[in-house]
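Welcome! Here is a friendly walk through one protein model, taking a few residues, a helix and a pocket in turn.

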Amino acid sequence: MNFEHFYTFGAFVENKLAGVVTLILETKSKTKHRANNVAMYVYPDMRKSGIARMLMTAAINKAKEIEEIKQVYLTVTSSNDPAKNLYKSLGFQTYGIDKNGLKIEDTYYDDELMVLVL
């Protein structure tokens with residue numbers, strides 16, 4: 001398997017992993033102008049420390065380095081206001097809602113679909 005279109009960024013505090021995000025570039029010819037931020041996670045005890053902003057900024061900057069990439073997409077649970085506020089502050093805009101896009105046990109959650117036009 002070829003992983004040249006995956007970029008994973010990690011943040012470390014005192015040699016301990018504090019958070020991660022992965023940027024995945026689309027590979028099909030009609031969508032090669034797009035990338036997706038996925039698997040964004042910061043450990044609970046490290047939240048509100050700026051790590052999420054640093055990780056997202058690193059992924060966005062990588063996307064900007066790649067001439068073909070014009071848009072970066074992500075999905076966030078609609079009820080996750082801290083994450084949504086971060087993404088909005090970085091320039092992401094909501095373009096849709098995926099009703100019941102996430103199911104955890106017997107509970108459904110809406111996903112907010114967001115895009116950053118570079």
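Ala39 sits in strand E3, where helices (H or I, at least four residues) and strands (E, at least two) are DSSP runs numbered from the N terminus. Its phi is near 55°, a positive value in a residue other than glycine. With 53% relative accessibility, Ala39 counts as exposed; here buried means under 20% relative accessible area, exposed over 50%, and partly exposed in between, using a 1.4 Å probe and protein chains only.

A word on how to read all this: the model is predicted, so local features need pLDDT of at least 70, side-chain atom pairs count only at pLDDT 80 or more, and totals for chains, interfaces and linings use all residues. Residues are numbered from 1 along each chain as its sequence is written, and side-chain values use heavy atoms, with hydrogens and water left out.

Strand E3 also holds Asn37. Is Asn37 buried or exposed? Asn37 is buried, at a relative accessible area of 7%. Not counting residues up to four places away in sequence, Asn37 touches Val21, Thr22, Leu23, Met56, Ala59, Val72, Tyr73, Leu74 and Phe92; contact means heavy atoms within 4.5 Å.

Another residue with a positive phi is Glu14, at about 50°, although it is not a glycine. Glu14 belongs to the loop between E1 and E2 and is exposed, at 76% relative accessibility. The loop between E2 and E3 contains Glu26, whose contacts beyond four places in sequence are Thr31, Lys32, Arg34 and Asn36. From Glu26 to Ile69 there are 43 residues in sequence and 9.0 Å in space, C-alpha to C-alpha.

In strand E5 (residues 93-104) we find Tyr95. Leaving aside neighbours within four places in sequence, Tyr95 is in contact with Tyr73, Leu113, Met114 and Val115.

| Residue | Relative accessible area | Class |
|---|---|---|
| Asn37 | 7% | buried |
| Glu26 | 26% | partly exposed |
| Tyr95 | 47% | partly exposed |
| Ala39 | 53% | exposed |
| Glu14 | 76% | exposed |

Now for helix H1, which covers residues 51-65. Its 15 residues reach 21 Å from first C-alpha to last, close to the 21 Å expected at 1.5 Å a residue; that expected span is 1.5 Å times one less than the number of residues. Ile51, Leu55, Met56, Ala59, Ile60 and Ala63 are buried in H1. Seen down the axis, these buried residues fall within an arc of 170°, so they line one face of the helix; the arc is that of the directions from the helix axis to the C-beta atoms. They pack against several elements, including strand E3 (34-42), strand E4 (71-77) and helix H2 (81-89). Of its 29 lining residues, Met40, Val76, Asn80, Ala83 and Tyr87 are the closest to its centre. On a 1 Å grid over the protein atoms alone, a pocket is an open set of points where a 1.4 Å probe fits, with protein on both sides within 12 Å along at least five of seven lines, and lining residues have an atom within 4 Å of a point. Strand E3 gives the largest share of the lining, eight residues.
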